[in-house]
Amino acid sequence: MNNKFYITTPIYYPSDKLHIGHTYCTVATDAMARYKRLRGYDVMFLTGTDEHGQKIENKAAEAGVTPQQFVDNIVEGEKGVKDLWKLMNVSYDRFIRTTDDYHVAAIQRIFKKMYENGDIYKSTYKGKYCTPCESFWTESQLTDGCCPDCGRPVVDAEEEAYFFRLSKYADRIRDLLENTDFLLPRSRVNEMVHNFIEPGLEDLCVSRTSFKWGVPVDFDDKHVVYVWIDALFNYTTALGFLNDRYDDSDYAKYWPADVHFVGKEIVRFHSIIWPAMLMSMNMPLPKHVFGHGWLLLDGGKMSKSKGNVVDPYLLAERYSADALRYFLLRDFPFGSDGNFSNELLINRINTDLANDIGNLLSRTTAMAEKYFGGTLPAEQTEGTEDAELISMVSKLRGQYEAQMEKYAFQSALADVFAVIARANKYIDETAPWVLAKKPETMPRLARVLYNLAETVRICSILLSPVMPETCVKIFEKIGADENARTWESAETFGVLPVNAVLVKGENLFPRIDAAKEIAELEAISQAKKAADQPKEEKPTLPVREITDHEPEISFDDFCKVELRVAKITACENIKESKKLLKLTVFDGERERCIMSGIAKWYKPDMLVGKNVGIVCNLAPRAMMGGKYVSEGMIFAADTEKGAASIAFFPDDTVGSRIH
Ligand code: ME8
């Protein structure tokens, strides 16, 4: 079959739960796949997860599980990647996990082929590495000394490694970028040429020895294959290329891909490294790589590692997958960045879905029920208001197609909604409630309602790639049978059978109380943030065995010990003992002498002027054969290593009691 269409999403890192940014790209890919299927293409839609690499290895270690357990949980576990795509109604044909055996074996074969053809060779890597991005950079590529992709610090790295002869392909890649429409939108071409090709393409380090969680190089198993090689070839291994999990006739049938949808930050990998490796393998190149923009939150990129992410689960469960899908593709031009906000989402649902299409459908079906019991009569009269609406609706499929072929979802949807707005205006112009008043205008009324139902039908066909569930409901409400749901039928006004049964039923999209809803979403997000904050851990103090406890004493007994702060006014070593220091202290009333066994840890000049705690009413004790009399003791604790540590007090406490 000639009209095949092979489309892919990036394979996402299962290092954390996926967020609205991943959902955005996957929903766009799904809408494109559904659109092509609607048009009769034999579609292969591939998505999956990129499960190897140091980041995942580190995350698993932090979580105290094996890397395989870690990724299994994120991909297959509750509310994991697969659950999310199910909730979002993503109609992928295949899901690849790079830890799948067939993929691992195929990557080993691919690596070996490039080694054997001389495009991969062994050398020493010296450079900078960004661990979160798994990217090596040269000094000149860094932005202010940090990773140019994510802005985080890089580390020095040096290791024996295999290299891919990327430099060899520089001219061919430049030609591909500049002289073909391989990379879209066109505006991304300059950036690639300017930032990467013009400074000179260096050979790429394609193996690692610093961690284990990857595909081992089978002829040198100290090394694992660089995660990006492992990842990029997923687009072909998932079709059975060099493996026996899938029949390689899938590869023959679907490769090259028609388009890879990827975020703009990984355009470099897809438009430079990927085609160069395919050239090395003598494989055909994908027809297009489309670098879509980012969803931003408060002007910054949403990212798992920054922790500022929007949860698609919450939004889809609250407002329906279709509403979220529609919003994502209608509000943000696919090729550029856009600011996400809950306000935008709710306004979009209220304006377009509850008001425009919701009202058009409910007014049309309600009037068909009210005036004709749900089935329009065959006798119908045309009117002067019809021509403009019919002409607009008849042109819609062509306009929509032109936009969709450019991956301009936003414009395609805007075109459909312009027709919906026109149809609502048509209701006001024809005033069906007036026509319903006289028997002689009933045929005109029937025609008006038919035209409205027909408009809804055609719009619904074109909206179905974006809102598949809603459109099935719409078809049911206007009585559109299978023949009236096809792409072909969207070209012709008048396909809906005249005797179709129209039913009003429930509203598709109830209006949302915006202020209340936004406040609730904000409260949920705050609560989540607080719950995600790492709990402040109490320092755990080492417990030790204490063997010299004293018997309990009464408070009165304790009060008999007179503890006071005293200032050390003089201090000296004595020749009779290495252990003792002779301290002169002022206790607020008088000076006294205290002999203390701290000479090993304190020199006299460390102590003079300091205020220390002393026991004042200890009976004086003669020391060193009576040469000295010690009149008290100073507070000092034993450290773990058995040294003495003196407690010091501030100046305004000298002479005060210590309680
Ligand atoms: O890069 N706005 O995986 P990843 C829009 N494993 N799209 C966003 C986004 C945002 N804020 N955040 C993420 C990887 N995305 C590699 C890919 S492919 C062979 C290997 C989307 O989990 C966007 O499509 O970091 C981006 O390119 C992708 O998720 C990155 O997902």
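1. In the predicted model, L296 stands opposite N339 in β15. Strand β13 (residues 295-297) pairs with β15 in the parallel sense, over 2 bridges. Two strands are taken to pair if DSSP finds at least two bridges between them. Helices (H or I, at least four residues) and strands (E, at least two) are DSSP runs, numbered from the N terminus.

2. Some conventions apply throughout. This is a predicted model, in which local features need pLDDT of at least 70 and side-chain atom pairs count only at pLDDT 80 or more, while totals for chains, interfaces and linings use all residues. Residues are numbered from 1 along each chain as its sequence is written, and side-chain values use heavy atoms, with hydrogens and water left out.

3. β13 and β15 belong to an open sheet of 3 strands in the order β14-β13-β15, with mixed pairing. β14 (300-301) and β15 (338-339) are the edge strands; each has a single partner strand, so one side of each is left without a neighbour in the sheet.

4. Another open sheet has 4 strands in the order β5-β4-β6-β8, and its pairing is antiparallel. Its edges are β5 (135-137) and β8 (204-205), each with a single partner strand, so one side of each is left without a neighbour in the sheet. As a general point, strands of a sheet pair through backbone hydrogen bonds, either parallel or antiparallel.

5. The pairings within this sheet can be followed strand by strand. Strand β4 (residues 120-130) is joined to β5 by 3 bridges, running antiparallel, and C130 stands opposite S135 in β5. β4 is also joined to strand β6 (residues 155-164), again antiparallel, by 10 bridges; here G127 stands opposite A157 in β6. β6 in turn pairs with β8 in the antiparallel sense over 2 bridges, with F163 opposite C205 in β8.

6. Which residues come nearest to the ligand? Of the 26 residues around the ligand, these are I11, D50, E265, H292 and L295. A residue is counted as near when one of its heavy atoms lies within 4 Å of the molecule.

7. Polar contacts (pairs of N or O atoms within 3.5 Å; within protein, one must be able to donate a hydrogen and the other to accept it, and residues adjacent in sequence count only if both atoms are side-chain atoms) are found at several of these residues. A nitrogen atom of the ligand is 2.8 Å from a polar backbone atom of I11. For L295, a polar backbone atom is likewise 2.8 Å from a nitrogen atom of the ligand. At H292, an N or O atom in the side chain is 2.8 Å from an oxygen atom of the ligand. The ligand taken alone exposes 680 Å², of which the protein buries 95%; accessible areas come from the Shrake-Rupley method with a 1.4 Å probe, and for residues only the protein chains shown count as cover.

8. The shell around the ligand draws two or more residues from each of β1 (4-12), α1 (20-38), α8 (227-232) and α9 (234-237). α1 gives the most, with 4 residues. By class, the shell has 14 nonpolar, 8 polar and 4 charged residues. In this scheme Ala, Val, Leu, Ile, Met, Phe, Trp, Tyr, Cys and Pro count as nonpolar, Asp, Glu, Lys and Arg as charged, and the others, Gly among them, as polar.

9. The structure holds 48 salt bridges, each defined as a side-chain nitrogen of Lys or Arg within 4 Å of a carboxyl oxygen of Asp or Glu. One of them is formed by R318 and E517, whose closest N and O atoms are 2.6 Å apart. This pair links distant parts of the chain, with R318 in helix α12 (residues 312-319) and E517 in helix α20 (residues 514-532), 199 residues apart.

10. The peptide bond from L184 to P185 is cis, with omega near -15 degrees, and P185 is in the loop between β7 (183-184) and α7 (187-197). W255 and P256 are also joined by a cis peptide bond, with omega about 5 degrees; P256 lies in the loop between α10 (249-254) and β11 (259-263). S320, a residue other than glycine, has a positive phi near 95 degrees and is placed in the loop between α12 and α13 (321-331). Most residues other than glycine have a negative phi, and most peptide bonds are trans.

11. The protein chain is divided into domain 1 (349-491) and domain 2 (555-653), with bounds from an automatic or database domain assignment. Their C-alpha centres lie 97 Å apart.
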